[in-house]
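Let's take a friendly walk through this protein, stopping at a handful of residues and strands along the way. Keep the structure open as you read.

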Amino acid sequence: MEPLITNPTWVFLVMLIVILLVPIVLRRLRIPHIIGLIVAGAVLGEHGLNVLARDASIELFGQVGIYYIMFLAGLEMDMGSFRRHGSKGAAFGAWTFVVPFMLGFLATRYALGMSQQTAVLVSCILSSHTLVTYPIVGRYGLGKQPSVVYAIIATAIASFTALLTLAIVVQKKTGGGDTVYWLRFAVGIALYIIAVAYTFPKIGRWFLRRNEDAVTQYIFVLAMVFISAFLAVSVGLEGLLGAFMAGLVLNRIIPHGGPLMSRIEFVGNALFVPWFLIGVGMLINLSILAGDVHTLLICIVFIGVGTLGKWLAAVIMERLNGLQRVDRLIMFGLTNSHAAGALAIVMIGTQPGVELMSPEILNATVLLILFSCIISSLATEKGARQLALRSNEMDRNRGSYHGKCLTAYAYPQTVDALTQLSILIRNPLIPDSLMGLAVSMDDEDDDMLRAQGVSNLEKAQAIAAAADVRLSVMSRISSNVASAIVHTMREVDAGEVILGMHENDEGKPSGKLGITAQSVLSTTHREVLIVRLQMPPGTIRRIVVAVPPMAEYEVGFYKWAEHICRIAELTGQPVRFHTMGDTGYYIKEYLNTHHPSVQVEFLTETGFGNLLMRLPAEVNADHLLVIVTARAGFISYTPALNTLPHFIAQHFADTNVILLYPDQYGDPQESLSVFAPNGQSITQRQLLFEQWLNRIRK
């Protein structure tokens, strides 16, 4: 029977109305909207009211949707957490595959009387899963939580193992699968992983550094996802594994919380992912439950055994690793939903030439998708709320540094990089934490520069808005640029200010701080960052930080450490600290307490001057060099800092550089809890007092 609506315009309109209204209604009922979208698809599909047909357009958008889910899972994964929790995630992947597989094989082989090969394929369906409910944890910002990381790693392992088992069974059934075939298969997978892992980051950095247009960047990233998926299919894997691989390798060049990341999440969550869920619902035919007792029995076994197997795997993981009940709930919720993998297996199992699965198994699999997604949505929603409350309690000090981040814009070519940097270091717990400023001289007859300042602010606002961050702007006219910057800092209570580095007529560092920077440094004791970025922060490969001796004595010590940690955490880049004395110890303790996922390396130096002379051989053009400096007269000041502007102009003319002047006077920052050498918790003020007292005694 022909569906009620076939006109493309009306089809698209109906889908948009469903995507719009279902979340609004279910949000009031406190029901996960994923359930509503699947049910809406079942109602509108040919097995329901027959309003829409599951045609090629819905299948196409649905395919993009499942790729999007897997891509976002890889893209939002914190690579530091991946390294720390990789072994446990792999163990959970083994449990969440083996337990449902064994239970499924016993139930289908002996309770339902299926053949051995069919029982193996059905067990693959029950042991594989899809991250259908991942958007729920993404909405709560829990992508870096260990239990979520375990589930993501387990998804890749369980899906790969299930699809590999499927390939073995199908090849055995069709008479193929000799030694040459499997050797070629293994070599193809190895070459695919090497090619994607090695070339995609290089191509991505090269492209994003040369193209700032938002649409161009988004289309490029989407193309990379489908290239990876196509290559995965070409070597015998599923495209969803290729999309996940693309997310992992592009993770470090797309900063979390940046404009490009926000666009990727917005488009996927607004269109492709809901479209996929509605398309899954259109496959569901509830009438088969009343018409065929044998199919009903298969459905009950599939749903019961599949749910029990995933639950037992989460329980085993919880008990073996000392996790909490909420972690078990999250792991179960994320790994219980069956969708893309189950459909791929059952479609291959029923195709001509294979025919290891009957239509009853196909119908039962579709209903398994429905009920598993409902159970997973409820479990993930409940677990995500509990985990978010626990995370907020544990991380209540993560944003304890205060004040708005003020960025002073002078040149159009620096607006993009400076704005992205300010988004990275801002305090996310402060409302309206970003402020943009453009200053024009009041003795200028030409209005061109004033108009340029306004244009810079508008561009900065657009960049921040793309990252879903509000940037307040102010345009001032003053006879002194530095005075206008300092007055604005006081008016808006700015905790730090970002300035562009002084350049000569050729666009290179001039070797001087510049009158504006010198005046700002001499009239404010807040943190000042003098910045020169040659590329977007997300395309930088390493952060190198040079710290002067006794930097831990300064009031703003933990504040600038927090800023560097946020840059590293959101971009996924490793950090190398060059420190002297005990400074490295306090930085290390702060990172272990507040940012354990940051990949960090510490090198202890004997002198700051010697360190500066070593840096040119270590820092490359695609690194970010942060030199923590000090104003003259403060305890961490050293004469070697006098020549920094000339040193940068001579050795780092084409490098990304930040000169960071910490808070060094005025109100101390809010106390941050760190750990003393004896393991006792102490505050920053106590730490400073004890350090000064020990120095006096010596």
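Glu618 counts as buried, with a relative accessibility of 15%. Please keep in mind that this is a predicted model. Which residue does the side chain of Glu618 meet in a salt bridge? The partner is Arg576, with 2.8 Å from N to O. The two come from distant parts of the chain, 42 residues apart: Arg576 belongs to strand S7, and Glu618 to helix H23.

Is Arg576 buried or exposed? Its relative accessible area is 17%, and because buried means under 20%, Arg576 falls in the buried class. Beyond its neighbours within four places in sequence, Arg576 touches Arg542, Ile543, Val544, Val545, Glu601, Leu603 and Glu618. The Arg576 and Glu618 side chains are also listed as a polar contact, at 2.8 Å.

How many of the five residues of S7 are buried? The count is five of five, so the strand is mostly covered under the cut-off of 20%. In a regular strand, side chains alternate between the two faces of the sheet. Here, Val575, Phe577 and Thr579 point one way from S7, while Arg576 and His578 point the other way, and all are buried.

S7 pairs with strand S6, residues 542–546, in the parallel sense, and four bridges hold the pairing.

How many salt bridges does the structure hold? There are 14. One of them joins the side chains of Arg328 and Glu318, at 3.1 Å from N to O. This pair links distant parts of the chain, with Arg328 in helix H14 (residues 325–336) and Glu318 in helix H13 (residues 293–321), ten residues apart. Both partners are under cover: Arg328 is buried at 12% relative accessibility, and Glu318 is buried with a relative accessible area of 7%.

Another salt bridge brings together the side chains of Asp622 and Arg541, at 2.5 Å from N to O. Asp622 lies in the loop between helix H23 (608–618) and strand S9 (623–628), whereas Arg541 lies in the loop between strand S5 (527–532) and S6, so the pair links distant parts of the chain, 81 residues apart. Asp622 is buried, with a relative accessible area of 14%, but Arg541 is partly exposed at 37%. Salt bridges also link Asp493, Glu496, Arg526, Lys559 and Asp663 in a network.

## Strand S1 between two partners

Strand S1 covers residues 404–409, and five of its six residues are buried. What does S1 pair with? S1 runs parallel to strand S4 (residues 494–500), joined by four bridges, and also pairs in the parallel sense with strand S2 (residues 434–441), over five bridges.

Lys404 stands opposite Ala494 in S4, and Tyr409 stands opposite Ala438 in S2.

Which residues make the nonpolar surface patch of about 810 Å²? They are Trp10, Leu13, Ile17, Leu20, Leu21, Ile24, Val25, Leu29 and Ile31. One of them, Ile17, is found in helix H1, which spans residues 8–28.

Ile17 has a relative accessible area of 38% and is partly exposed, so it passes the area cut-off.

Where is Ser358? Ser358 is placed in the loop between helix H15 (340–350) and helix H16 (359–394). The residue is partly exposed, with a relative accessible area of 27%. The side chain of Ser358 makes a polar contact with the side chain of Glu360, at 3.1 Å.

Ser358 can also be placed relative to Thr118. The two are 240 residues apart in sequence, while their C-alpha atoms are 9.4 Å apart in space.

How values were computed
Residues numbered from 1 in each chain as written. Predicted model: local features only at pLDDT ≥ 70, side-chain atom pairs only at ≥ 80, totals over all residues. Heavy atoms only, no water. Patch = residues over 30% accessible without salt bridge, like charges linked within 9 Å, V, L, I, M, F, W, Y side chains within 5 Å. Areas by Shrake-Rupley, 256 points an atom, 1.4 Å probe, with all protein chains shown as cover. Salt bridge = Lys/Arg side-chain N within 4 Å of Asp/Glu carboxyl O. Buried < 20%, exposed > 50% of the residue type's maximum accessible area, 1.4 Å probe, protein only. Polar contact = N/O pair within 3.5 Å; in protein donor to acceptor, adjacent residues only side chain to side chain. Contact = heavy atoms within 4.5 Å. Pairing = 2+ DSSP bridges.
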